[in-house]
Amino acid sequence: MDEAGVSKLQALKVQGEGMIREQALVAGDWVDGQGRIEVEDPAEETVIGHAPKLSAAQVETAVKAASDAFPAWAGMREFERAAILRRWGELIDRDIDGLGALLSLENGKPFAEARGEIGYANQFVKWFAGEAERLNGAWIPSPTAHDRILAMRQPVGPVAAITPWNFPAAMITRKVAPAFAAGCTVVLKPASATPFSALALAALALEAGVPPGVFSVMTGESGVIAPVLTSSPLLRKLSFTGSTGVGRELMAACAPTLKRLSMELGGAAPLIVFEDADLELAVAETVKGKFRCAGQTCVCPNRVYVHVDIYDAFLERLTARVAALKVGAPFEPGAEIGPLIDLKGLEKVEDHVQRTVARGGRVLTGGERHERGGRFFQPTVLDGGDETLFRDEETFGPVVPVFPFRTEEEVIALANASEFGLASYLFSENLNRVMRVAAAIEAGMVGVNVGLMSNAANPFGGVKQSGFGREGSIYGIEEYLQVKAVTLGLRWAMGPKPAPPV
Ligand code: SIN
């Protein structure tokens, strides 16, 4: 990259810094808390700003505001809510560079990737603007007389959303946009590591016309905020993205108030390459899916199974590509792989590599902390070892473990031998095999000849211990709606009432 390119990246960094807001949004007001949490740049390991530590009383204020704002928001014409969502989308597009830079600063993903996430996040805003205009119900014939049943679709009520640090923008709009489209108000708790993207998006939502109280953003300690959200009878639903363990705890905490739940939890996605696959495509897509956000995604391939006939050829190509990936800080020219979010994450990745080697696996490239230090890890390819480790635990880092298989039956059994069932991937040019295997795999999502399938049209979600509920797509709005059945005793009937059924 030339000098102009380098200084443009530095200018973007400054733009991102300028978008840091150090106040939380409670009931339409920007407020301080009782103390502050430090937010770090994972690449430089420096503090980039502080977010308020809200008290339980401030969270209660936000919940009460969401409840008070609900009737008017739910009662607004769907087309008006759609227009506000569209305006929000336009403002996100307007500020896409700054939002991307801000996201890079707090998450560490390379600027180009972070900017791409803002575009991905905005897909949900635009998609659900359309869904707001299609909140159709049903007109149902009744077996009794000439009655008709009207199935009205209504918002579930004020909702809580808890989001993770790996997609500080997209996970927010994937929950908030369908909630707004349905007519729900939202109290959001973003991850403490990445609160600034959420606050910046909320500021744009207000600018777009979202009324005070409809959207509040809680920053601070989960131990203070989550109990208020889960126990409040005013909140009718919780949507959570995060680990399976935390998901279970939240579910239990929501049981007394019988909240509706959406749980997008952990994954250990299998990626299967059959002997008839397009090898170059399979390698390229594996890299694309695996190394997004330095491998810190629930949907990325956690274990790769390759047919023995093409095993060596696949490994050779994969190793060459992975070794060529450029590790760097987000605003460094050409950076493709950023740091891990924290040292705990780095240690887990290191542990997975060491356990693989201890169990007979080989490191083909990488395998160690990166020489630049801090939270950077070398992009790594592992050959063999104990594949049960990668079925049971998410690595959440830039490591691809590869294992050979011989038969379709064997690899389906391996793929399904995990408690998780979020994403899965298969590569084959044989349509019958594709359909057979896609049907047999226990996962909420199957990517066929693709390593990346995240977009607003795709119903995103898992089965088994990966959770339940779907986000995005035509199904995503259902999570925020309930059906009210209105039976109409009509008198415009054609002819006499029939005798009741016996
Ligand atoms: C995740 O893996 O946490 C979300 C990934 C996505 O939306 O693509």
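## Two domains

Domain bounds here come from an automatic or database domain assignment. In this predicted model, that assignment divides the chain into domain 1 (10-265 + 466-485) and domain 2 (269-448). The C-alpha centres of domain 1 and domain 2 lie 31 Å apart. Let's look at how the two meet: 29 residues of domain 1 are in contact with 24 residues of domain 2.

## Where the ligand sits

Which cavity holds the ligand? You will find the ligand in the largest cavity.

## Who lines the site

## Polar contacts and burial

Which side chains bring polar atoms to the ligand's oxygen atoms? Ser454 has a polar side-chain atom 2.4 Å from a ligand oxygen. For Tyr120, an N or O atom of the side chain is 2.7 Å from an oxygen atom of the ligand, and for Asn166 the distance from a polar side-chain atom to a ligand oxygen is 3.1 Å. How much of the ligand's exposed area does the protein bury? Taken alone, the ligand exposes 250 Å², and the protein buries 100% of that.

Technical notes: Residues numbered from 1 in each chain as written. Predicted model: local features only at pLDDT ≥ 70, side-chain atom pairs only at ≥ 80, totals over all residues. Heavy atoms only, no water. Polar contact = N/O pair within 3.5 Å; in protein donor to acceptor, adjacent residues only side chain to side chain. Areas by Shrake-Rupley, 256 points an atom, 1.4 Å probe, with all protein chains shown as cover. 1 Å grid on protein atoms, 1.4 Å probe; cavity = no way out; pocket = protein on both sides within 12 Å on 5 of 7 lines; lining within 4 Å. Sits in = over half its atoms within 2 Å of the grid points. Contact = heavy atoms within 4.5 Å.
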